[in-house]
Amino acid sequence: MNARACDTDVLVVGAGPAGVAAAVMAASLNLRTTVVEAGQVGGKLHRIGALENVLGNWSSGPQLAEALSVDLERLEKAGRCMLVRGLAVRVSGQNDRAELVLDDGRVLTAEVIVVAAGVTDLAPTDVNWITASAEFSAPPLWRTTPQDLTARTYILGADRPLGTWLRAHPNVTTTLHVLCPPADAYKAAEVEHDGRVRLVSISHAAITKPRYGDGWTIEVAGRDGAKTTYAATSVLNNLGNKPMAVDGLNSGEDGYCSPHEQHRRIRIAGDLRSSRFQRITTAQGSGAEAVLAYYYDTALPGGGEPR
């Protein structure tokens with residue numbers, strides 16, 4: 001198929017760090033580039049209060065998200081990239097093209113699609129170590145201010161946003177009671193020595209509304225099976241993420257999509273690849289690499305079909 005017969009050369013799903021890095025790389029290689037995004041450019045960066053391991057001296061996620069937005073605007077004004085607003089629902093790879101279907105029925109075609117859809121928040125109903133009554137809801141930790149905390153605030157899960165939240169609020173003195181199953185203990189490594197954190201290793205938590213009063217009752221089963229009951233004024237969600245896989249991708253049992261298991265015209269970048277590589281810097285690198293791999297496979301003299 002002639003490259004000009006497709007709507008674009010490179011179609012990027014998602015305008016987070018990985019997606020924007022892919023778009024910048026594609027535009028720099030003079031490839032026609034389209035980015036599809038349903039929400040904000042920068043994605044989950046808008047909720048990250050403090051940055052620590054990202055090059056460029058950025059102090060917060062929203063600051064970096066604004067820079068990504070400026071990058072896309074610059075490419076659009078130069079005619080090197082187009083931003084399409086819409087929700088991607090299905091991808092497919094054909095012998096001569098890749099196709100993306102949006103939720104409004106539009107179909108976009110490209111020589112290659114880079115899927116950088118990212119992740120979304122896990123809910124208590126998504127994990128097997130929590131049971132809760134129907135009326136239970138847990139606001140996310142990242143949306144909480146220090147003023148919202150009390151001595152009886154409990155946090156479900158020790159995922160990395162806990163460390164980010166603590167760095168964003170260095171003057172917090174309230175002890176954070178964090179319930180964490182053994183399988184997730186590795187996530188707590190960066191905060192386990194922080195004096196403001198009390199890690200409670202558990203096998204199960206049952207959350208119900210107390211018969212009298214406000215808040216929640218949490219019955220916790222420890223690793224040895226012994227049960228303890230806590231009276232919580234509030235419970236916050238810090239369970240982590242689940243992949244936002246688009247239909248048509250090959251995913252593993254955990255829902256993540258290995259780049260090596262996809263059609264040759266479908267490339268995976270960013271947090272969607274694995275739960276173990278969810279870092280901004282690695283996401284950016286994977287977005288750029290996905291485009292470069294396509295470029296070296298097809299665009300250079302002697303190149304052939306995408307691998």
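This is a predicted model: local features need pLDDT of at least 70, side-chain atom pairs count only at pLDDT 80 or more; totals for chains, interfaces and linings use all residues.

Trainee: How do the lining residues of the second largest pocket divide into nonpolar, polar and charged?

Mentor: Six of the lining residues are charged, five are nonpolar and four are polar.

Trainee: Let us turn to a helix. What span does helix 1 reach from its first C-alpha to its last?

Mentor: Helix 1, with 12 residues, reaches 16 Å, close to the 16 Å expected at 1.5 Å a residue.

Trainee: Why is helix 1 described as largely enclosed by the rest of the structure?

Mentor: Here a cut-off is needed: a residue is buried when its relative accessible area is under 20%. Nine of the 12 residues of helix 1 are buried, so helix 1 is largely enclosed. Among the buried residues are Pro-17, Gly-19, Val-20 and Ala-27.

Trainee: What is found just after helix 1?

Mentor: The general idea is that most residues other than glycine have a negative phi. Just after helix 1, however, Asn-30 takes a positive phi of about 60°. Asn-30 lies in the loop between helix 1 and strand 2 (33-37). With 67% relative accessibility, Asn-30 counts as exposed.

Mentor: Asn-57 is also not a glycine, and its phi is positive, at about 65°. Its place is the loop between strand 2 and helix 2, and Asn-57 is exposed, with a relative accessible area of 73%.

Trainee: Which residues have the most contacts inside the largest nonpolar core?

Mentor: They are Val-10, Leu-31, Val-35, Leu-72, Val-114 and Val-291, in a core of 32 residues. At least two residues of this core come from each of strand 1 (8-13), helix 1 (17-28), helix 2 (61-77), strand 6 (107-115) and helix 4 (280-299). Apart from this core lies another, of 20 residues, including Phe-136, Leu-156, Val-200 and Ile-207.

Trainee: With which residues is Leu-31 in contact, leaving aside its neighbours within four places in sequence?

Mentor: Leu-31 is in contact with Asp-9, Val-10, Ala-26, Arg-80, Val-291, Tyr-294 and Tyr-295.

Definitions and conventions
Residues are numbered from 1 along each chain as its sequence is written. Side-chain values use heavy atoms; hydrogens and water are left out. A nonpolar core is a set of buried Ala, Val, Leu, Ile, Met, Phe, Trp, Tyr and Cys residues joined through side-chain atoms within 4.5 Å. Buried means under 20% relative accessible area, exposed over 50%, partly exposed in between (1.4 Å probe, protein chains only). Helices (H or I, at least four residues) and strands (E, at least two) are DSSP runs, numbered from the N terminus. Contact means heavy atoms within 4.5 Å. Ala, Val, Leu, Ile, Met, Phe, Trp, Tyr, Cys and Pro count as nonpolar, Asp, Glu, Lys and Arg as charged, and the others, Gly among them, as polar. The expected span of a helix is 1.5 Å times one less than its number of residues.
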